[in-house]
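Biologist: Hello! I am new to this structure and would like to learn how to read its features one by one. Could you show me the model and walk me through it?

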Amino acid sequence: MRILIIGEGGRESALAAKLHKDVRVTKMFFANGNASTDAIGQNVHMSDIKELRDFAIKEKVDLTIVGPEAPLVAGLKDEFKKHNLKVFGPNQKVASLEGSKAFSKKFMQTYDIKTAKAVVFDSYNEAKQYVQNHDYPLVIKASGLAGGKGVVICDTLEEAEATIHDFMIRRIYGDAGIRLVIEEYLVGFEASIIAFSNGEKLFPCIPVKDYKKAGNGDKGPNTGGMGSVAPSPEFTAQHSADFEQNILAPTITGLKAEGFSFKGIIFFGLMVTKKGTYLLEYNMRFGDPETQVLMALMENNLLDVINDCMNGKDIELKFKDEKAVCLVMCSGGYPRNIELGFEIVGEDKVKHSQLLYAGAVRKGNKVVSNGGRVLNIVATGTTYDEARKKVYEDAVPVQFDYSFYREDIGKF
């Protein structure tokens, strides 16, 4: 098989490393890829959907796997389907469950999916009026795609008014913020569950804990993810039953009722409170850095799982009875102002873990930083402590100027 993977992060590196082991995979292309994918396949530099379509036709690509959300929301699946090109992922309409928080919140409310109470606003004045007499903190979300940054927890009226102004008037995230979702603030811990879809049923993976804040102790600004652990140590069998009954089952009902059949991935972003498990958001693709720990523990052949889903077959997901930890090493200043182009050294000294490049590219015989989240170090063990020890020992020799990472990933 000839496979095209769209994306350039650690998630794509993890998927590529898993698929690379399969002898049936004869060629892998990556748009745009990174230093890891460059070593096992061919990076191609393009992002326009029609350009990708033409490339897939020319190179006789058998399967396209989409990592990030933007191409799906922009309609890549729809365009590829016109030319009988297979894509593991939803069409544009179904991708709106991630692309529009207003759309997804209405879907949750319509099908009694357990979620935070929320109101959608198109009017600046009405949104501003709504927050005048509201309990704080509250959560304000830009409805559209904002690169994972369009969610603000507001502790005061002043913060809420400033956020509404930033989103709707200043348009700091462009058109993504012209419609807002304002919802109640839930107190608890977060968990992520990624599920495969075969067009009829959803098959969940083990739950994952990820770390969103930039600093130790969950301090600092939100990021795309500073690390992850699987299985989530906090997510119990009781939480799982609550999820299956009040989130998973009604989601399947809603997908069928709306005619949203798709073959791909649906990601459930959850908040577990004293009152139970709530759905925060859907993503319609593999999570990053959740995918990294799932691939490390998955016993199934990934290509078999994807092919079975594409053919509408039921699957049985199996994971090792071990723990996995992923540490994300970042550029100084991330997630705000970052400097790029620093040489990364020490990959050859990693002994007990898997190093997956993300925001890094090869220039000649060097690998240099090219993004905020530069690389991932992933390890497994019989205990969280064992996996954690491997990751942090192997992180020491891997260096580039101004790099940093959290020191408490996998510490509970």
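This is a predicted model: local features need pLDDT of at least 70, side-chain atom pairs count only at pLDDT 80 or more; totals for chains, interfaces and linings use all residues.

Biologist: Which order do the strands β12, β15, β18, β19 and β22 take in their open sheet, and is the pairing parallel or antiparallel?

Modeller: As a general idea, the strands of a sheet pair through backbone hydrogen bonds, either parallel or antiparallel. Here, the five strands run in the order β12-β15-β18-β22-β19, and the pairing is antiparallel. At the edges you find β12 (209–210) and β19 (354–357), each of which pairs on one side only.

Biologist: How many bridges join β19 to β22?

Modeller: Four bridges, in the antiparallel sense, connect β19 with strand β22, which covers residues 373–381. To see one of them, find Q354: its bridge partner in β22 is V378.

Biologist: What is the strand order in the sheet that holds β1 to β5?

Modeller: That open sheet of five strands reads β3-β2-β1-β4-β5, and its pairing is parallel. The edge places go to β3 (42–43) and β5 (87–88); each has a single partner strand, so one side of each is left without a neighbour in the sheet. Further in, β1 (residues 2–7) pairs with β2 (residues 27–32) over six parallel bridges.

Biologist: Where do the peptide bonds or backbone angles stand out?

Modeller: The general rule is that most residues other than glycine have a negative phi, and most peptide bonds are trans. Against that background, look at the bond from A31 to N32: it is cis, with omega near 10°. N32 belongs to strand β2. P231 sits in the loop between β15 (227–230) and α10 (237–257). As for phi, R171 has a positive value of about 55° although it is not a glycine. You can find R171 in the loop between α9 (157–170) and β9 (180–184).

Biologist: Now for charges. How many salt bridges does a search of the whole structure find?

Modeller: In general, side chains of opposite charge can pair when their charged atoms come close. In this model the search finds 24 salt bridges. One to look at is E79 with R53, where the closest N and O atoms are 2.7 Å apart. This pair links distant parts of the chain, as E79 is in helix α5 (residues 76–81) and R53 is in helix α3 (residues 49–58), 26 residues apart.

Biologist: Into which domains is the chain divided?

Modeller: There are four: domain 1 (2–92), domain 2 (117–184), domain 3 (189–310) and domain 4 (323–395). Let us take domain 1 and domain 4, whose C-alpha centres lie 23 Å apart. Their contact takes 11 residues from domain 1 and 10 residues from domain 4.

Biologist: How much area do domain 1 and domain 4 bury between them?

Modeller: About 670 Å², with 56% of it on carbon and sulfur atoms. Of the area that domain 1 buries against domain 4, G10, A35 and S36 supply 52%, more than any other three residues.

Biologist: What is the count of salt bridges between domain 1 and domain 4?

Modeller: The count is zero, but five residue pairs are in polar contact between these two domains. On the domain 1 side, α1 (10–20) and α2 (35–40) each supply at least two of the residues that touch domain 4. By type, the residues on that side of domain 1 divide into four nonpolar, five polar and two charged.

Notes
Residues are numbered from 1 along each chain as its sequence is written. Side-chain values use heavy atoms; hydrogens and water are left out. Two strands pair if DSSP finds at least two bridges between them. Domain bounds come from an automatic or database domain assignment. Contact means heavy atoms within 4.5 Å. Buried area is the accessible area (1.4 Å probe) that two parts lose on being put together, summed over both. A salt bridge is a side-chain nitrogen of Lys or Arg within 4 Å of a carboxyl oxygen of Asp or Glu. A polar contact is a pair of N or O atoms within 3.5 Å; within protein, one must be able to donate a hydrogen and the other to accept it, and residues adjacent in sequence count only if both atoms are side-chain atoms. Ala, Val, Leu, Ile, Met, Phe, Trp, Tyr, Cys and Pro count as nonpolar, Asp, Glu, Lys and Arg as charged, and the others, Gly among them, as polar.
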